[in-house]
Amino acid sequence: MDVVAACRAFVAVSGHGSFTSGAAAAGIPQSVASRRIAALEEHFGARLFDRSSRAVRLTSFGQDMLPSARRLVDLADAMGDDAERARLRPLRVAVPEICPPRRLADLVVAARRQRIHLEVRPAGPSERARLCQTLEAGAGIVAVPEAGASWQVQLGLAARTPFPAPTVFLETLRSGRARTQARRRVLIQPEDDVAHLRDPLTRAGQSAGLVPAQVTVAPSLVDAAAAALGSPDLLLCSRQQAEDFGLHWCPLVGPRLLRGYDVAAGVREDLDQLSTVLYADIARCLGAPDVHPEPARVGTTGDPA
């Protein structure tokens, strides 16, 4: 027996003094209301209504039970309202600050089509990790090494003038002996100020003979882009970012750097929605390919490198 449905019929009939009117108010046929109330009476072992006359009157037992029935119905209604609010409550997601606002807006629209209500919160790499750890965000697109990444974004160098070759090597940035030209810097934006990107680039710069100041972290993406737009300095960035700033982009060789991103979420359902249903939409925000990368193979003798 559905106790809530039976109590709803009980409350409606008692309020209208009629099985016909009460059933109509409850949105059910009179026969259904009669069966539910009869089942409730059988469950409690006593009559709720006196049916000896044309008018439907509560028995003394029914009068005593009516307040509890009303509380149960009200509680069920409140629970339904809470469930609806919970379904509509947005999932707060920490996303990289580098994601263009228009692409983030497209992501939110795509999520709503899937009945997922996103609230994006742009932040830097360390802040995104903190927001997930403190549960201030229900999920986050966090920076990870490429080996464990769901999304990968190739990085290269961007400049205000075209590159003379299809790829660029750090060795070409060394100053000549005459040192008549200012040293060109490679500027690392805050999004790439993470150990698995910053450290390999710094070591490669040292090996290529660059001075320490030639590989440096910029205070912000705007500062780094402004330097690349107004000087010979180079911005370490994705192709998408270079296009957004109107810069010429060239892949970097030695080291080959890839931004890696994965989802961190406290609830498995949120993780699955972001990493599967919205995978391609998130990829467009990050400037990554919108297809899942091939899973890493375990190397065996004879496998190609």
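Buried means under 20% relative accessible area, exposed over 50%, and partly exposed in between (1.4 Å probe, protein chains only). Arg 198 falls in the middle class: at 25% relative accessibility, Arg 198 counts as partly exposed.

This is a predicted model, in which local features need pLDDT of at least 70, side-chain atom pairs count only at pLDDT 80 or more, and totals for chains, interfaces and linings use all residues. Residues are numbered from 1 along each chain as its sequence is written, and side-chain values use heavy atoms, with hydrogens and water left out.

**Salt bridges**

Side chains of opposite charge can pair when their charged atoms come close. The term salt bridge here requires a side-chain nitrogen of Lys or Arg within 4 Å of a carboxyl oxygen of Asp or Glu. Searching the whole structure gives 14 salt bridges. Three of them are tabulated here.

| Pair | N to O distance |
|---|---|
| Arg 92 and Glu 119 | 2.8 Å |
| Asp 193 and Arg 198 | 2.7 Å |
| Arg 198 and Asp 199 | 3.1 Å |

Take Arg 92 and Glu 119, whose closest N and O atoms are 2.8 Å apart. Arg 92 sits in strand S3 (residues 91-96) and Glu 119 in strand S4 (residues 118-123), so their pairing ties together parts that are 27 residues apart in sequence. Strands (E, at least two residues) are DSSP runs, numbered from the N terminus. Arg 92 is partly exposed at 34% relative accessibility. Glu 119 is partly exposed at 35%.

Arg 198 meets Asp 193 in a salt bridge. Arg 198 also meets Asp 199 in one. Asp 193 is partly exposed, with a relative accessible area of 33%. Asp 199 is partly exposed at 28%.

Elsewhere, salt bridges link Glu 127, Arg 130 and Glu 136 in a network.

**A buried arginine**

Arg 259 belongs to strand S13 (residues 258-265). Its relative accessible area is 2%, and Arg 259 is buried. The side chains of Arg 259 and Asp 192 are joined by a polar contact of 2.6 Å. A polar contact is a pair of N or O atoms within 3.5 Å; within protein, one must be able to donate a hydrogen and the other to accept it, and residues adjacent in sequence count only if both atoms are side-chain atoms.

Contact means heavy atoms within 4.5 Å. Not counting residues up to four places away in sequence, Arg 259 touches several residues, including Trp 151, Leu 155, Glu 191, Asp 192 and Cys 237.

Key: Helix = DSSP H or I, 4+ residues; strand = E, 2+ residues; numbered from the N terminus.
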